[in-house]
Every structure is written in structure tokens, then in C-alpha cells.
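Please keep the sequence and the coordinates at hand while reading.

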Amino acid sequence: MNGNFNFLNNMIPLKDDIPTLNKPIVRNYILAICVIVFILQIMSPGYRSGELFYSYGLIPSVLIGDQQLPENIYAIPTILTIFTSMFMHGGFMHLAGNMLYLWIFADNIEAVSYTHLRAHETREESRMPSS
């Protein structure tokens, strides 16, 4: 192995090389929601027992109807776990890793999405007859 190998710089990205001009508003909201949900999650009595994960996490076999959970586990309709599971994390390192990658790469995705949305709006405005 090369003596110049730095694990932190080569294996865990801390930034990207693509600058963006827009403020990543959606990314910041998603980050905040995930952190708040995680804090609520670890404060929940169902966190240690795992009941919380069965109630709000996505279980594919339950979603498609092959299996059922005990009635006391259902906190929300099963279809909503598609959404709630997006904000749940299994532990602090899971949260930290996901938020790091969200912080690094989501601003570029948001900038591209905003650019496409703005281009679509501009095309629609140019099609409207002037008054």
C-alpha cells in the first residue's frame, strides 16, 4: 500500500467538486426532519424493544400482504410506512452516514432539479399569448 493513502480523504468524501449557486433549501429541511425524527425515535419507549421499527419501518412482506403484524404493532396504515421509513435510522452512525452523503450530494441534485423546473416554467411562459 502507498504511504500517501489517507483513509479520511480517499474513502469518506467530505465535499464534492461541483459548485452550486442555489441555496439547498430542500436538503436542509430533509436534514432537519431526519435529525428531529431520530431524536424522537431514540426517546420513544418502542425504540429499545424494536416495536417502533415494526410500526413505522417498511416491511415489504407486510406491505404486499404476505404477512401480518400483531394488531398492537400497527400505529399507521401499512402503505404510509413507505414514507415514514425514509426518515428513520437504526442508530447514530446510520444517521451520521446518511446525513453526510445528503449534505455532500443533495445540493447538486437540488440545483439540477431547480434548473429543470425553472426551464419548464420559462417554456410555459413563452407559450402563453401576450395580452
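In this predicted model, the charged end of Arg27 is placed over the ring of Trp103, at 3.8 Å from the centre of that ring. The protein chain is built from seven helices and zero strands, and its mean pLDDT is 80, with 69% of the residues scoring at least 70.

**Fold and confidence**

- Read from the N terminus, the elements of the protein chain follow the order α-α-α-α-α-α-α, in keeping with the count of seven helices and zero strands.
- The protein chain has 131 residues, of which 24% count as buried.

**Aromatic pairs**

- The count of aromatic pairs comes to three, and one of them joins Phe83 and Phe87 in an edge-to-face arrangement, with 5.2 Å from centre to centre and 65° between the planes.
- The angle of 65° in the pair of Phe83 and Phe87 is assigned to the edge-to-face class because planes over 60 degrees apart are counted that way.
- Phe87 has a relative accessible area of 14%, and it is therefore classed as buried, the limit being under 20%.
- Another of the pairs is formed by Tyr101 and Phe105, which are stacked at 5.9 Å centre to centre with 25° between the planes.
- Both Tyr101 and Phe105 belong to helix H7 (residues 92-127), where they are four residues apart, or about one turn of the helix.
- Tyr101, at 38% relative accessibility, counts as partly exposed, and Phe105, at 36%, also counts as partly exposed.

**A contact across the sequence**

- Lys23 is located in the loop between helix H1 (7-11) and H2, and its relative accessibility of 70% makes it count as exposed.
- Although Lys23 and Ala111 are separated by 88 residues in sequence, their C-alpha atoms are 8.3 Å apart in space.

**The largest pocket**

- Sorted by class, the lining of the largest pocket consists of eight nonpolar and two polar residues, with no charged residues.

**The cavity**

- The structure contains one cavity of 30 Å³ or more, and the volume of the largest cavity is about 60 Å³.
- Tyr54, Ser55, Gly57, Ile59, Val62, Leu69, Tyr74, Ile76, Thr78 and Thr81 line the largest cavity.
- The lining of the largest cavity divides into six nonpolar and four polar residues, and no charged residue takes part in it.

Methods: Residues are numbered from 1 along each chain as its sequence is written. This is a predicted model: local features need pLDDT of at least 70, side-chain atom pairs count only at pLDDT 80 or more; totals for chains, interfaces and linings use all residues. Side-chain values use heavy atoms; hydrogens and water are left out. On a 1 Å grid over the protein atoms alone, a cavity is a set of points where a 1.4 Å probe fits but cannot get out, and a pocket is an open set with protein on both sides within 12 Å along at least five of seven lines; lining residues have an atom within 4 Å of a point. Grid points are joined across faces, edges and corners, and a volume is the space filled by probe spheres set on the points. Ala, Val, Leu, Ile, Met, Phe, Trp, Tyr, Cys and Pro count as nonpolar, Asp, Glu, Lys and Arg as charged, and the others, Gly among them, as polar. Rings of Phe, Tyr and Trp (its six-membered ring) pair if their centres lie within 6.5 Å; planes under 30 degrees apart count as stacked, over 60 as edge-to-face and the rest as tilted. Buried means under 20% relative accessible area, exposed over 50%, partly exposed in between (1.4 Å probe, protein chains only). Helices (H or I, at least four residues) and strands (E, at least two) are DSSP runs, numbered from the N terminus. A charge sits over a ring if NZ of Lys or CZ of Arg is within 6 Å of the ring centre and within 35 degrees of the ring normal. pLDDT is the predictor's confidence in each residue, from 0 to 100.
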